[in-house]
Amino acid sequence: MAQCTVRTATVVGVEAVPVDTEVDVGAGLPTFAIVGLPDLAVQEARERVRSAVRAAGYDVPNARVVVNLAPGPLRKHGTGFDLAIALGLLTATRQLPTTIADSCVCVGELSLDGSVRAVPGMLAHALAARSQGRPLLGPAEAAASLAIEGLEYLPIAHIAQLRTGVPETGRPPRRSVPTVPNDLDFADVVGHELAKRALLVAAAGGHNVLLIGPPGAGKTMLARRLPTILPALDDTERLETALVHSVAGLDDVPALAGVRPFRAPHHSASIAGLVGGGSPPRPGEASLAHNGVLFLDEMPEFGPAALQALRQPLEDGTMTLVRAEGRLRFPARFSLVGAANPCPCGFSGDPDRACTCAPGAVERYQGRIGGPLMDRIDIVIDVARIDPALMLRDGRGECSASLRNTVALCRERALDRDGGPPASLRGAELLAACAMRDSARRFLEEAARTKHLSGRGVTRLLRVARTCADVAGEAAVGLDHLSEALGYRAREGG
Amino acid sequence: MTTEGKKLGERGEDAAVAFLERSGMTIVERNWRCQNGEIDIVALDGETLVLCEVKTRRTAKKGTPEEAVTPAKQRRYARLASAYVQAAGLEPVSVRFDVIALLVIAEDRALLRHHRAAFVLE
């Protein structure tokens with residue numbers, strides 16, 4: 001009888017790696033074997049393909065069928081090979097012309113009735129097909145999110161449709177999603193002027209923030225509003241972020257529409273859940289927050305190992321997982337927002353209520369985040385409980401839309417001047433960007449001496465001061481900006 | 001196996017042979033044995049070699065007759081099939097595994113079900 005090779009791919013990290021599905025149909029004992037390091041889900045393709053092929057009205061060959069997924073050493077996982085196996089089988093048994101298998105890359109899961117379903121990582125498959133310069137044959141249900149420049153997508157809903165040849169290129173309109181969360185707004189936040197200002201600076205300069213305050217002070221409420229003042233994702237960011245969401249099996253339409261991700265994992269999260277891992281390796285929350293905000297509520301309650309694992313992505317914006325099969329890189333460039341109680345009972349430093357923690361417990365609690373991680377957090381502020389009288393008064397603060405404009409303006413300025421946000425500057429680059437006059441320089445030297453700032457402390461102070469100057473629309477960092485930056489250094493030494 | 005059980009099996013096989021011949025197949029062997037076990041019926045359906053397992057039951061209380069063809073037994077049939085193809089000196093041919101299930105409902109009356117290509121090996 002015959003052989004047929006169909007192009008498909010398997011997702012490794014955030015990338016779809018090409019895989020050839022070779023189908024051989026020959027005489028012999030009726031067998032259906034899949035070789036080439038398939039996992040259990042791939043093995044189960046046999047049952048799905050057999051039922052789907054029959055349900056779609058094709059013949060299931062009574063023959064020796066061997067499916068080889070090449071390259072052999074690469075582990076294949078998931079259900080996306082179903083469509084390729086079915087297409088190969090039908091082409092090898094001459095039930096379909098060879099033109100379909102020859103022309104495109106295909107991916108999709110089959111249901112028992114022959115309909116074609118989407119699999120996680122459709123976007124990764126689309127990008128791989130585009131870089132090979134071939135059309136992608138895939139589930140019609142995924143067509144809405146795959147309207148990508150330069151990709152020819154051939155949607156099919158059911159394998160019976162293949163009888164009529166290669167499906168037409170279809171491009172249904174993408175589902176529309178608001179690019180900014182519109183149910184939350186900073187205007188609703190009463191009081192908390194310092195915290196709002198700090199979050200504005202953080203958003204403008206790409207700084208990581210830690211909010212410290214007693215329970216019920218409004219830390220979470222403030223953090224949840226941070227995405228409302230971030231500008232929409234640009235085209236490159238959209239694709240990067242959507243790709244991570246796609247391979248994780250999440251909805252990638254919001255990211256493609258430009259919505260910045262906001263991820264708030266619970267403090268019981270494991271290391272793998274937070275930074276990625278598992279088998280096959282999946283992106284963690286840090287990667288799902290790529291180009292957006294990672295919010296860690298009750299930060300000291302997170303496992304120390306999980307917290308420390310965040311240091312690499314905070315430093316280089318990627319997470320590298322090393323496995324026996326090789327190294328995997330997940331993008332993870334996010335703004336970190338942490339929230340913490342000042343102590344286990346929550347009332348240390350509160351003017352109205354006494355802290356009931358044992359001596360030493362407060363220091364231990366605050367030490368749990370760890371120096372190296374704290375070093376990467378430029379802004380630390382206290383969020384106090386606000387006066388109930390203030391809350392009852394009907395007042396509205398500055399709204400998110402106007403803050404968002406300021407943020408966008410600052411980011412643009414920083415990009416023009418330094419090629420990146422102030423939070424990414426270091427050394428001479430940073431000093432040049434700050435363009436301080438002598439008075440400011442003297443003030444900084446004095447502050448560094450009296451507050452015992454380390455070299456790293458000075459760097460962080462300068463970064464924040466640079467952003468404060470951007471928010472004020474000033475070219476040079478002055479005394480005001482330095483003092484404002486000093487104010488964002490609640491409870492720390494060096 | 002009791003004599004009665006054996007008798008029932010033989011009668012079932014006779015009925016199956018008659019059925020297969022009526023549906024146009026050529027019977028090649030009956031009760032072909034080797035050290036691995038036995039193939040109830042070997043037939044030719046055109047060019048295809050059909051290896052047929054016959055299961056006869058009096059009641060469906062312990063499940064239908066075809067349910068007795070478990071995956072473990074399927075693997076045994078596979079070994080038997082290779083042995084037969086080798087012993088008969090056949091070139092690679094198209095092979096099919098059929099199951100004929102008989103459920104006896106009265107003296108001289110049974111429901112017969114013919115499962116063509118009943119299973120595929122993994």
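## Helix packing in chain A

In this predicted model, the axes of helix H2 (residues 45-55) of chain A and helix H3 (residues 82-92) of chain A come within 10 Å and cross at roughly 55 degrees, the axes being lines fitted to C-alpha atoms over the stretch in contact, with angles running from 0 to 180 degrees between N-to-C directions. H2(A) is therefore oblique to H3(A), since angles under 35 degrees count as roughly parallel, over 145 as roughly antiparallel, 65 to 115 as roughly perpendicular and the rest as oblique. Helices (H or I, at least four residues) and strands (E, at least two) are DSSP runs numbered from the N terminus.

Among the residues that make this contact are A:Val49 and A:Ala52 of H2(A) and A:Ile85 and A:Leu89 of H3(A), where contact requires C-beta atoms, placed from the backbone, to lie within 7 Å.

## Fold of chain B

Chain B has two helices and five strands, which run α-β-β-β-α-β-β from the N terminus on. Its C-alpha trace spans about 45 × 30 × 25 Å along the principal axes of chain B.

## Contact between the chains

Ten residues from chain A and 13 residues from chain B take part in the contact. On the side of chain A that touches chain B, strand E3 (residues 31-35) of chain A gives the most, with three residues.

## Basis of the model

Residues are numbered from 1 along each chain as its sequence is written, while chains are lettered from A and ligands numbered from 1 in the order in which they are written. Local features need pLDDT of at least 70 and side-chain atom pairs count only at pLDDT 80 or more, whereas totals for chains, interfaces and linings use all residues.

Notes. Contact = placed C-beta atoms within 7 Å.
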